[in-house]
Amino acid sequence: MALSLQQKIEDTNQGVYLIGTTPPRIGTDKAQLETIAQKLLDRLHEIEYDGVIIYDIQDESSRTDKPRPFPFKQTVDPREYSRLLRSLSHQDVITYKSVAQREVAEFKQWLSETKNLFDLKNVVLVGSPSSEGDIKLNLPDAYKTLAEQADDFFLGGVTIAERHASKRNEHERLLEKTTQGCQFFISQAVYNAQATIDLITSYARSCKAQGIEPQRIILTFTPCGSEKTLEFMQWLGISVPEATKWRMLDSQNPLSESVRICRENLDSILKSCAHLDVPLGLNIESLTNRKEEIDASINLYRLLKATMELNLAEKQIA
């Protein structure tokens, strides 16, 4: 019998390979929703993957004074798209949920619906993008509310290496989120390999000092084919070193160059962290709906999965 996504994430001898996507815009009718989902799955039919991550897209304008490079468009309920993709693909899904907009009672209702109406159990809760604004429910209270529910959710958290680079405490956040129920973590898109290496190193050393097993960290990578996409990445808080930025933009083919950079970054992370025994995974996303970048994300997936599989095989024979 095939392993579930939860079983694969929990088994450190298994690789975990995911595809990240966003739901279609709000107002999309059911027939068109199914057409969009099937088009995505048709793109994925030639690759082997363990599941799909469906993001809960928020405006995030409160996080920065800079204008949003692409206009914010509300989407259909991520749970609806998750249920559809799972039904069509027969693959597990992970559904993101931004918790700041709802009071506790509304969040309890969301949890009940997610389990009973949508039949979803793999969730990642996301807090407010900023301490500013109207936060009706903070992340620790959301974790507490979920823990009080009888329903059996498989809970993941977000990790941001850029926070570690500036505050040096992201590893402590991971440890705290673990005590609050998180059983795996998914990173923000990686373009600064050293920030990720530093985070994984700090996390591994803290786990060892406390005598606990580190949770799996699923590393996210995304192709970048234009200055506009790069601007959006940086607006989202993704750290892109200056030399990396110009290496992409000055290239004759920025998209292909970004794929090479992602491969080099993953290779660097794997080599630097091989001795740390932190289980890793892979998530590939496209931040835009440009066909070239979506196609590049599939090629990037193939390349990075092969890199991780080779690394895993080498560790198992060492």
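Trainee: How much space lies in the second largest pocket?
Mentor: Keeping in mind that this is a predicted model, the second largest pocket holds about 530 Å³ of space.

Trainee: And which residues lie nearest its centre?
Mentor: Those are Thr12, Val278, Pro279, Leu280 and Lys315, out of the 26 residues that line the second largest pocket.

Trainee: Which helix or strand gives the most to that lining?
Mentor: Helix H12 does, with 5 residues, while the elements that each supply at least two residues are helix H1 (5-10), helix H11 (254-273), strand E8 (280-285) and helix H12 (291-317).

Trainee: How do the lining residues divide into nonpolar, polar and charged?
Mentor: For the second largest pocket, the lining has 12 nonpolar residues, 9 polar ones and 5 charged ones.

Trainee: Switching topic, how many aromatic pairs does the structure hold?
Mentor: There are 4 aromatic pairs, and one of them joins phenylalanine 107 and tryptophan 110, which are stacked at 5.9 Å centre to centre with 10° between the planes.

Trainee: Where do those two sit, and are they buried or exposed?
Mentor: Phenylalanine 107 and tryptophan 110 are about one helical turn apart, because they are 3 residues apart in helix H4 (residues 104-116), and both of them are buried.

Trainee: What about phenylalanine 232 and tryptophan 235?
Mentor: Their ring centres are 6.3 Å apart and their planes are at 15°, so phenylalanine 232 and tryptophan 235 count as stacked. They lie 3 residues apart in helix H9 (residues 227-235), which means about one helical turn separates them, and both phenylalanine 232 and tryptophan 235 are buried.

Key: Residues are numbered from 1 along each chain as its sequence is written. This is a predicted model: local features need pLDDT of at least 70, side-chain atom pairs count only at pLDDT 80 or more; totals for chains, interfaces and linings use all residues. Side-chain values use heavy atoms; hydrogens and water are left out. Rings of Phe, Tyr and Trp (its six-membered ring) pair if their centres lie within 6.5 Å; planes under 30 degrees apart count as stacked, over 60 as edge-to-face and the rest as tilted. Helices (H or I, at least four residues) and strands (E, at least two) are DSSP runs, numbered from the N terminus. Buried means under 20% relative accessible area, exposed over 50%, partly exposed in between (1.4 Å probe, protein chains only). On a 1 Å grid over the protein atoms alone, a cavity is a set of points where a 1.4 Å probe fits but cannot get out, and a pocket is an open set with protein on both sides within 12 Å along at least five of seven lines; lining residues have an atom within 4 Å of a point. Grid points are joined across faces, edges and corners, and a volume is the space filled by probe spheres set on the points. Ala, Val, Leu, Ile, Met, Phe, Trp, Tyr, Cys and Pro count as nonpolar, Asp, Glu, Lys and Arg as charged, and the others, Gly among them, as polar.
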